[in-house]
Amino acid sequence: MRVFVAGGSGVLGRRLVPQLVARGHQVTATTTTAAKLGLLTQLGAEGVVMDGLDASAVGGAVAAARPDVIVHQMTAISMTHAGKPDIKHPDRWFAQTNRLRTEGTDHLLAAAETTGVPHFVAQAYASWNGIRQGGWVKTEEDPLDLLPGTAAHAGLLAMRHVEESVVQVGGAVLRYGAFYGPGAIDDQVELVRKRQYPLVGAANGYSSWVHLDDAASATVLAVEQKARGVFNIVDDEPAPANEWLPFLAECAGAKRPMRVPRWLARLLAGDQAVIMMTEGRGFSNAKAKRELGWTLRYPSWRQGFRAELA
Ligand SMILES: NC(=O)c1ccc[n+]([C@@H]2O[C@H](COP(=O)([O-])OP(=O)(O)OC[C@H]3O[C@@H](n4cnc5c(N)ncnc54)[C@H](OP(=O)(O)O)[C@@H]3O)[C@@H](O)[C@H]2O)c1
């Protein structure tokens, strides 16, 4: 297949492009900077410079590639695009990412329609953001939590825009868990090593994780099978912060994380961090396994953290 990966040079794109190429697909991958074209060539793709917020650039790049499928992996979370991570103000930290998830999605969908691209696959998110009612582990049938009244709300609305617009055209929405793997959590590991990533309260809120290579293999399956609808792409073991964070610290050779009360965490890190750590809901991958036939290299973050951080 001819596959157009918008955002092919990011942490996931760098693992996804080689898997697509190894399966015999012809890949066009985008970056915003000519400096990364060489990287994309090394990964086996044809590299293209494209600003996802420029409708005519997006239209031109998609028309030139004439792909069978567009895979939307554009985010601007890295230091280069967003500056220092600001967990207390996700609306600021994710401002550009939110535009890529709203305007950027619309530009790609418009380009798909104009060029006649029959399939679309997009990145969404399912780590701790399941509705905060009932059980700790959610399926695709359960609503997501939009955290109204918090600084996270704008980002979660942007994500909903991706989901609704892509499902509407018969595409696939891949709700990835929190990524780990090469380059994905360097900033978080640094905080853990400095003991600046504490447990909050009882830290019994759940999160789901996924290794980049497993997220990439699920994406290849969604592409090849022309999957439709929403899939949770998470590992087998959604877990509370009081399990995964001390284990992450141990794997990183760090001291055990400190514990802070909720009020202090809210003051220092804001609502999103407190909710994630104390009330978060994780996700089930049963649908992706059943419908896509997905198997994981790292069924649990327990094996994956150890392998990555050893
Ligand atoms: N995993 C987590 O949960 C997590 C949490 C916090 C922080 N982080 C940090 O976030 C970083 C993620 O890095 P990343 O490189 O994958 O993400 P990224 O820099 O946000 O980039 C993802 C992709 O989107 C592209 N892109 C960015 N702006 C664009 C635009 N305006 N138009 C079109 N494409 C655009 C990038 O291209 P370019 O080649 O132009 O960059 C890249 O291909 C890591 O450093 C990680 O430490 C991760």
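This section describes the central sheet, the nonpolar core, the ligand surroundings and selected residues of a predicted model.

The sheet is open and comprises 7 strands in the order S3-S2-S1-S4-S5-S7-S12, paired in parallel. Its edges are formed by strand S3 (46-49) and strand S12 (229-233), each of which pairs on one side only. From one strand to the next, the twist averages 20 degrees. Helix H3 (residues 55-65) packs on the sheet, where it touches strand S1 (2-6), S2, S3 and strand S4 (69-72). The direction of H3 makes about 160 degrees with that of S1. Helix H7 (residues 153-168) also packs on the sheet, in this case touching S5, S7 and S12. Between the directions of H7 and S5 the angle is about 155 degrees.

The pairing can be followed from S4 through S5 and S7 to S12. S4 and S5 are parallel and share 4 bridges, with valine 69 opposite histidine 119 in S5. Strand S5 (residues 119-125) is in turn joined to strand S7 (residues 172-176) by 5 bridges, again in the parallel sense. Across this pair, alanine 122 stands opposite valine 173 in S7, and glutamine 123 stands opposite leucine 174 in S7. The parallel pairing of S7 with S12 likewise extends over 5 bridges; here alanine 172 faces glycine 229 in S12.

Of the 7 residues of S5, 7 are buried, and the strand is mostly covered. S7 is largely enclosed by the rest of the structure, because 5 of its 5 residues are buried. On one side of S7 these are Ala172, Leu174 and Tyr176, and on the other Val173 and Arg175.

The largest nonpolar core contains 96 residues, and those with the most contacts inside it are Ile70, Leu174, Phe179 and Ala222. Helix H9 (residues 212-224) provides the largest share of this core, namely 8 residues. Apart from residues up to four places away in sequence, isoleucine 70 touches Phe4, Ala6, Val62, Leu108, Ala112, Val117 and Phe120.

Leucine 292 belongs to helix H13 (residues 286-292). This residue counts as buried because 22 C-beta neighbours lie inside 10 Å, the threshold being 20 or more. When neighbours within four places in sequence are set aside, the contacts of leucine 292 are Ala218, Leu221, Ala222, Gln225, Ala227 and Phe231. Ala222, listed among these contacts, is also one of the residues with the most contacts inside the largest nonpolar core. The C-alpha atom of leucine 292 is separated by 18 Å from that of isoleucine 70, and the two residues are 222 residues apart along the chain.

The ligand is surrounded by 32 residues, of which Gly7, Gly10, Thr32, Gly52 and Ser78 are the closest. By residue class, this shell divides into 12 nonpolar, 16 polar and 4 charged residues. At least two residues of the shell are supplied by each of strand S2 (26-31), helix H4 (79-82), strand S8 (178-180) and helix H8 (186-193).

Backbone geometry was considered for two loop residues. Most residues other than glycine have a negative phi, and most peptide bonds are trans. Leucine 147, although not a glycine, has a positive phi of about 45 degrees. Leucine 147 is located in the loop between strand S6 (137-138) and H7, and its 20 other C-beta atoms within 10 Å place it in the buried class. Arginine 195 likewise has a positive phi, of about 55 degrees, without being a glycine. This arginine lies in the loop between H8 and strand S9 (199-200). Arginine 195 is partly exposed, because 13 other C-beta atoms lie within 10 Å.

Key:
Residues are numbered from 1 along each chain as its sequence is written. This is a predicted model: local features need pLDDT of at least 70, side-chain atom pairs count only at pLDDT 80 or more; totals for chains, interfaces and linings use all residues. A residue is near a molecule or strand if its C-beta atom, placed from the backbone, lies within 6 Å of it. Ala, Val, Leu, Ile, Met, Phe, Trp, Tyr, Cys and Pro count as nonpolar, Asp, Glu, Lys and Arg as charged, and the others, Gly among them, as polar. A residue is buried if 20 or more other C-beta atoms lie within 10 Å of its own, exposed if 12 or fewer, and partly exposed in between; C-beta atoms are placed from the backbone. Two residues are in contact if their C-beta atoms, placed from the backbone, lie within 7 Å. Two strands pair if DSSP finds at least two bridges between them. Axes are lines fitted to C-alpha atoms, for helices over the stretch in contact, and angles run from 0 to 180 degrees between N-to-C directions. A nonpolar core is a set of buried Ala, Val, Leu, Ile, Met, Phe, Trp, Tyr and Cys residues joined through C-beta atoms within 7 Å.
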